[in-house]
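This report sets out the fold and the aromatic contacts of one protein model. Please consult the sequence and structure shown below while reading.

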Amino acid sequence: MRLKQLTSVVLNRLQGKNNMAKKAPPKPKKKSSSPKPKNPALYSRVKAAAKKKFDVYPSAYANAWLVREYKKRGGTYA
């Protein structure tokens, strides 16, 4: 009797029939939002200064300077 059960289980698995409960797919992780400046007015002033200072504004150097300058002037991020 046990041999028949094992045989049927093996045959079902080989044929792709699985009686075992399938696990639910994992939930996608929520994407964390980027830090936002708490003082938008100060951030916009520093951003305008960065645009004047650098020939190419949307660059890694300009953005790094913007963050350093914003923090130097007392700005924080949420």
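**Overall form**

The model is a predicted one. The protein has 3 helices and 0 strands, and from the N terminus on its elements run α-α-α. Its radius of gyration is 29 Å, well over the 12 Å that the globule rule gives for 78 residues, so the protein is more spread out than a compact globule. Taken along the principal axes, the C-alpha atoms fill a box of roughly 85 × 25 × 15 Å.

Of the 78 residues, 14% count as buried. The accessible surface of the protein comes to about 7,300 Å², and carbon and sulfur atoms make up 59% of that surface. Among contacts with a separation of 6 or more, 46% are between residues 24 or more positions apart.

Helix α1 covers residues 2-14. At 1.5 Å a residue, its 13 residues should span 18 Å, and the end C-alpha atoms are 18 Å apart, which agrees. After α1 comes Gly16, whose phi is positive, near 90 degrees.

**Aromatic pairs**

The structure holds 3 aromatic pairs. The cut-off for the buried class is under 20% relative accessible area.

Phe54 and Trp65 form another edge-to-face pair, at 5.9 Å centre to centre and 70 degrees between the planes. Phe54 lies in the loop between α2 and α3 and Trp65 in helix α3, so the pair ties together parts that are 11 residues apart in sequence. Trp65 counts as buried, at 16% relative accessibility.

The values for these two pairs are set side by side below.

| Pair | Centre to centre | Angle between planes | Geometry |
|---|---|---|---|
| Phe54 and Trp65 | 5.9 Å | 70 degrees | edge-to-face |

Tyr43 and Tyr70 also belong to one aromatic cluster together with Tyr77.

**Lysine residues and aromatic rings**

Which rings have a lysine over them? The charged end of Lys51 sits over the ring of Tyr57, at 5.6 Å from the ring centre. Lys53 lies over the face of Phe54, 5.9 Å from the centre of that ring. Phe54 is also the partner of Trp65 in the aromatic pair described above.

At 30% relative accessibility, Lys47 counts as partly exposed. Where residues up to four places away in sequence are not counted, Lys47 touches Tyr57 and Leu66. Tyr57 is also the residue whose ring lies under the charged end of Lys51. Lys47 and Tyr70 are 23 residues apart in sequence, and their C-alpha atoms are 8.6 Å apart in space.

Technical notes
Residues are numbered from 1 along each chain as its sequence is written. This is a predicted model: local features need pLDDT of at least 70, side-chain atom pairs count only at pLDDT 80 or more; totals for chains, interfaces and linings use all residues. Side-chain values use heavy atoms; hydrogens and water are left out. Rings of Phe, Tyr and Trp (its six-membered ring) pair if their centres lie within 6.5 Å; planes under 30 degrees apart count as stacked, over 60 as edge-to-face and the rest as tilted. Helices (H or I, at least four residues) and strands (E, at least two) are DSSP runs, numbered from the N terminus. Buried means under 20% relative accessible area, exposed over 50%, partly exposed in between (1.4 Å probe, protein chains only). A charge sits over a ring if NZ of Lys or CZ of Arg is within 6 Å of the ring centre and within 35 degrees of the ring normal. The radius of gyration is taken over C-alpha atoms; the globule rule is 2.2 Å times the number of residues to the power 0.38. Contact means heavy atoms within 4.5 Å. Accessible areas come from the Shrake-Rupley method with a 1.4 Å probe; for residues, only the protein chains shown count as cover. The expected span of a helix is 1.5 Å times one less than its number of residues.
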